[in-house]
Amino acid sequence: MNVSILDDYHDTLRALPCFAKLAGHDVSVWNDHVQDIDTLAQRLKDAECLVLIRERTQIRAALLERLPKLRLISQRSVYPHIDIDACTRLGIIVSSSQHPGVPSFATSELTWALILAAARRIPQQVADLKRGQWQSAIGDTLRGKTLGIFGYGRIGAAVAGYGRAFGMNVLVWAREATRAKARAEGYATAASKADFFAACDVITLHMRLVPATRFIVEAGDLARMKPTALLVNTSRAPLIEPDALVNALRAGRPGMAAVDVYEHEPMLDAAHPLLAMPNVICTPHIGYVTREEYETQFADIFDQINDYVAGAPSHVVNPDVMGDARRA
């Protein structure tokens with residue numbers, strides 16, 4: 001198949017062991033990010049299979065309708081960036097493994113790194129030391145503090161384990177069924193969402209972005225946080241009500257934030273208000289960006305391509321297409 005891979009910023013994929021799974025395919029790898037439809041249509045005019053790296057590029061009907069040879073989109077995890085209805089209408093199969101039971105340990109580790117970095121003011125201390133200033137701030141100890149896990153899924157459970165190992169008191173808020181799971185695994189759960197936001201010293205968000213969770217964190221929730229508290233978001237920016245985090249930080253509740261995700265990505269606006277705040281740590285959506293995580297993810301993605309070629313498409317998210325799928 002003619003396979004095109006978009007948005008491999010670091011030209012990493014060709015160096016992964018799993019890339020050998022594409023032997024025998026005609027593969028093109030693009031290292032820049034482009035959203036312009038005309039440019040993408042020209043680049044992908046011969047593509048039979050499109051490989052996506054998470055949600056970096058929006059794949060909508062206006063582009064899909066200009067790709068007459070495209071038969072398969074292969075990716076991993078959620079797919080809000082893909083027009084599934086248009087794919088089905090055009091006969092394009094979308095394969096996307098949901099990797100049940102397997103957390104992203106890379107994202108879990110980054111979450112914990114951001115918590116530690118914010119608590120000890122590490123980025124600020126490093127920057128000040130490079131400017132010739134010695135011990136410019138005082139940090140906070142995590143042991144004995146309350147770590148709030150908002151969403152007790154695979155990643156949330158892993159971060160809860162890190163908190164327990166560091167001697168923190170872990171408190172969970174999530175759907176009732178998920179709270180029951182957290183209690184069964186030995187964690188306390190909050191009596192209400194309001195109590196959760198008021199009680200925690202650190203809150204970290206771990207929910208998928210679906211219609212039910214969009215803007216689930218409201219301005220009133222943030223206003224209940226302690227002025228010494230930290231909010232961490234390595235999940236999705238639209239879990240938080242628009243502008244609510246910036247306004248809350250300006251009002252002093254919470255006192256700090258660490259974010260890895262943004263409303264529009266790549267976020268290249270140096271004037272973004274979060275970047276100007278000394279009490280905020282910002283990273284460029286690197287939660288899943290490790291060699292090990294890429295190997296795990298792309299082994300699945302490349303297997304899906306070979307399954308399709310073998311006549312047995314796997315992890316198909318639009319099964320209604322199967323009777324009318326495009327053929328070579």
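Student: Which order do the strands take in the open sheet of 5 strands?
Tutor: The order is β2-β1-β3-β4-β5, and the pairing is parallel. Strands here are DSSP runs of E with at least two residues, while helices are runs of H or I with at least four residues, both numbered from the N terminus. Two strands pair if DSSP finds at least two bridges between them.

Student: And before we go on, what kind of model is this?
Tutor: It is a predicted model, where local features need pLDDT of at least 70, side-chain atom pairs count only at pLDDT 80 or more, and totals for chains, interfaces and linings use all residues. Residues are numbered from 1 along each chain as its sequence is written, and side-chain values use heavy atoms, leaving out hydrogens and water.

Student: Back to that sheet: which strands are at the edge?
Tutor: Those are β2 (26-29) and β5 (93-97), each pairing on one side only. From one strand to the next, the twist averages 20°. Axes are lines fitted to C-alpha atoms, for helices over the stretch in contact, and angles between N-to-C directions run from 0 to 180 degrees.

Student: How many bridges join β1 and β3?
Tutor: β1 (residues 2-5) and β3 (residues 49-51) pair in the parallel sense over 3 bridges. Valine 3 stands opposite cysteine 49 in β3.

Student: Which strands does α11 lie across?
Tutor: α11 lies across β1, β3, β4 and β5, and runs at about 155° to β4.

Student: What about glutamine 75, is it buried or exposed?
Tutor: Glutamine 75 counts as buried because its relative accessibility is 0%; buried means under 20% relative accessible area, exposed over 50%, and partly exposed in between, using a 1.4 Å probe and protein chains only. Its place is in strand β4 (residues 72-76). Apart from neighbours within four places in sequence, glutamine 75 is in contact with residues including Leu52, Arg54, His81, Ile301 and Gln304. Contact means heavy atoms within 4.5 Å.

Student: You mentioned a cysteine. How many disulfides does the structure hold?
Tutor: It holds 0 disulfides, a disulfide being a pair of cysteine sulfur atoms within 2.5 Å. For cysteine 87, the nearest cysteine sulfur is that of cysteine 49, 12 Å away. Cysteine 87 is buried, at 0% relative accessibility. Cysteine 200 is buried too, with a relative accessible area of 0%.

Student: Let's switch to the sheet of 7 strands. What's the order there?
Tutor: That open sheet runs β8-β7-β6-β9-β10-β11-β12, with parallel pairing. β8 (188-189) and β12 stand at the edges with a single partner strand each, so one side of each has no neighbour in the sheet.

Student: What happens between β9 and β10?
Tutor: β9 and β10 (residues 230-233) pair in the parallel sense over 4 bridges. Isoleucine 203 stands opposite leucine 231 in β10. On this sheet, α6 packs against β6, β7 and β9, and its direction makes about 175° with that of β6.

Student: Which residues touch the most other members of the largest nonpolar core?
Tutor: Of its 28 residues, those are Phe150, Phe196, Ile203, Leu222 and Leu245. The largest share, 5 residues, comes from α10. A nonpolar core is a set of buried Ala, Val, Leu, Ile, Met, Phe, Trp, Tyr and Cys residues joined through side-chain atoms within 4.5 Å.

Student: Last one: where is threonine 283?
Tutor: Threonine 283 lies in the loop between β12 (280-282) and α11 (291-309). Threonine 283 is buried, with a relative accessible area of 15%. Not counting residues up to four places away in sequence, threonine 283 touches Leu110, Leu114, Val259, Asp260 and Tyr262.
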